Amino acid sequence: MGEDLTGLDDAEVERRIAEIRERMRPLEVDLARLRGERDVLLTEQRRRNRLVARTSRADLKAAMREGRHPTIAELVAAADSGSLDDYVYNLKTGGEVRLGFPGARAQSLAFTDGVSIAQAADLAEAARLYAAGWQLGAPGRPGVRVHFAGSRQERVIAADEVYARPGDRGQG
């Protein structure tokens with residue numbers, strides 16, 4: 001609207017506003033109908049995505065129960081080299097986690113000899129510490145420190161409750 005509106009009286013401004021609102025009403029009805037159709041389709045898309053996720057998680061849990069994926073303790077005991085990033089780690093409940101501290105640039109495993117603590121940044125170092133008799137965890141706290149990707153939530157989990165499966169880069 002390039003016209004100068006300062007010369008219009010209040011009644012004319014009110015009339016124009018009412019006219020525009022009247023022209024908008026059918027468009028708003030159409031827009032509400034379209035939003036409803038979109039929301040029904042988005043609901044169906046979420047239902048399908050959740051079904052895929054539920055099925056995938058159930059398949060993963062079945063594979064872990066059947067022994068197709070080693071626990072982190074079994075992986076460390078059998079490994080002699082490789083990157084921790086070659087694997088994806090899941091709790092026995094199926095939730096995906098990363099190893100080590102939240103916010104760390106790289107995944108790591110902590111080992112203890114009962115007094116000291118050492119961090120293994122790869123499977124070769126983990127295998128060396130394991131062969132030397134060190135156990136996963138910290139003094140007085142056996143287990144594996146894990147965190148949920150993208151969160152600050154972390155905990156120490158028993159080494160037989162964290163499973164490793166080959167990731168996109170995995171050779172294992």
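**Close-up views of a predicted protein chain**

View 1. A compact globule of 172 residues would have a radius of gyration near 16 Å, but the protein chain here comes to 29 Å (taken over C-alpha atoms; the globule rule is 2.2 Å times the number of residues to the power 0.38). Its C-alpha atoms fill a box of roughly 90 × 35 × 30 Å along the principal axes. This is a predicted model, where local features need pLDDT of at least 70 and side-chain atom pairs count only at pLDDT 80 or more, while totals for chains, interfaces and linings use all residues. Residues are numbered from 1 along each chain as its sequence is written, and side-chain values use heavy atoms, with hydrogens and water left out.

View 2. The protein chain has three helices and nine strands (DSSP runs, H or I of at least four residues for helices and E of at least two for strands, numbered from the N terminus). Along the sequence, the pattern reads α-α-β-β-β-β-α-β-β-β-β-β.

**View 3. Helix α1 runs from residue 10 to residue 65.** How far apart are the end C-alpha atoms of α1? They are 77 Å apart, which agrees with the 82 Å that its 56 residues should span at 1.5 Å a residue (the expected span is 1.5 Å times one less than the number of residues). A kink of about 30 degrees lies at Met24, shortly before the proline Pro26 (the bend is the angle between axes fitted to the seven residues ending there and the seven starting there). Just after α1, Gly67 takes a positive phi of about 85 degrees.

**View 4. Now for the buried residues of α1.** These are Glu12, Leu60, Ala62, Ala63 and Met64 (buried means under 20% relative accessible area, with a 1.4 Å probe and protein chains only). They pack against β1 (87–91) and β9 (162–166) (contact means heavy atoms within 4.5 Å).

**View 5. Four strands make an open, antiparallel sheet.** The order is β4-β3-β5-β6 (two strands pair if DSSP finds at least two bridges between them). β4 (117–120) and β6 (141–142) stand at the edges with a single partner strand each, so one side of each is left without a neighbour in the sheet. Two bridges join β3 (residues 109–112) to β5 (residues 135–138), and Phe111 has Leu136 in β5 as its bridge partner. Helix α3 (residues 123–131) packs on the sheet, touching β3 and β4.

Notes: Axes fitted to C-alpha atoms, helices over the stretch in contact; angles between N-to-C directions. Buried < 20%, exposed > 50% of the residue type's maximum accessible area, 1.4 Å probe, protein only.
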